[in-house]
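Work through the exercises below with the sequence and the model side by side. Try each task before reading its solution.

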Amino acid sequence: MLAKSDSLLITGQISGYYQAKDPQLASYLGYVKDLRETFSIFYLVHVQREQNTRAYLLSKLSNSGKVGGHTDL
């Protein structure tokens with residue numbers, strides 16, 4: 001499994017370079033670490049935000065309310 005993130009904080013927490021001090025984030029981190037163990041191979045790669053244009057465009061599309069032509073009323 002190859003996962004990419006433009007968040008240095010998240011990739012650092014998952015790889016063990018940074019601590020998750022917030023209790024809610026620590027809970028999420030524990031879940032991700034458990035989930036990681038279900039894969040025979042797991043790589044997490046940090047990509048620069050400027051190189052992550054596909055994810056940026058998808059997030060903009062999802063926040064625009066135009067996904068599937070539906071908007072919240």
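The exercises go from the overall fold to single residues.

The model is predicted, so local features are given only at pLDDT of at least 70 and side-chain atom pairs only at pLDDT 80 or more, while totals for chains, interfaces and linings use all residues. Residues are numbered from 1 along each chain as its sequence is written, and side-chain values use heavy atoms, without hydrogens and water.

**Exercise 1. The fold**

Task: State how many helices and strands the protein has, and in which order the elements run from the N terminus.

Solution. Step 1: assign the elements as DSSP runs, taking helices as H or I over at least four residues and strands as E over at least two, numbered from the N terminus. Step 2: count them, which gives three helices and two strands. Step 3: read the order from the N terminus, β-α-α-β-α. Step 4: consider the contacts, defined as heavy atoms within 4.5 Å. Of the contacts with a separation of 6 or more, 61% are between residues 24 or more positions apart.

**Exercise 2. Surface and burial**

Task: Give the share of residues that count as buried and the accessible surface of the protein.

Solution. Step 1: apply the classes, in which buried is under 20% relative accessible area, exposed is over 50% and partly exposed is in between (1.4 Å probe, protein chains only). Of the 73 residues, 15% are buried. Step 2: compute the area by the Shrake-Rupley method with a 1.4 Å probe, where for residues only the protein chains shown count as cover. The protein has about 6300 Å² of accessible surface, and carbon and sulfur atoms hold 56% of this.

**Exercise 3. The strand pair**

Solution. Step 1: two strands pair if DSSP finds at least two bridges between them. Step 2: locate positions across the pair; S5 is opposite H46 of β2. Step 3: recall that side chains in a regular strand alternate between the two faces of the sheet. Step 4: check L2, which counts as exposed because its relative accessible area is 51%. L2 contacts Y43 and V45, leaving out residues up to four places away in sequence. The C-alpha atoms of L2 and V45 are 7.5 Å apart, although 43 residues separate the two along the chain.

**Exercise 4. Helix α1**

Task: Find which residues of α1 are buried and what covers them.

Solution. Step 1: list the buried residues of α1, namely T11, G12, Q13 and I14. Their cover includes β1, α2 and β2. Step 2: take T11, which is buried because its relative accessible area is 8%. Beyond its neighbours within four places in sequence, T11 contacts S5, L44, V45 and H46. Step 3: take Q13, buried at a relative accessible area of 6%. Not counting residues up to four places away in sequence, Q13 touches Y18, Q19, A20, L29 and K33. A polar atom of the Q13 side chain lies 3.5 Å from the backbone oxygen of Q19. Step 4: look just past the helix, where G16 has a positive phi of about 95°.

**Exercise 5. Features of the surface**

Task: Identify which residues form a nonpolar patch, and which side chains meet in a salt bridge.

Solution. L8, L9, I10, Y17 and Y18 form a nonpolar patch with about 540 Å² of accessible area together. L9, in helix α1 (residues 8–15), counts as partly exposed because its relative accessibility is 45%. Step 2: search for salt bridges, meaning a side-chain nitrogen of Lys or Arg within 4 Å of a carboxyl oxygen of Asp or Glu. The whole structure has one. E37 and R36 form a salt bridge at 3.9 Å, N to O. Step 3: classify both partners: E37 is exposed at 59%, and R36 is partly exposed at 23%.

How values were computed. Patch = residues over 30% accessible without salt bridge, like charges linked within 9 Å, V, L, I, M, F, W, Y side chains within 5 Å. Polar contact = N/O pair within 3.5 Å; in protein donor to acceptor, adjacent residues only side chain to side chain.
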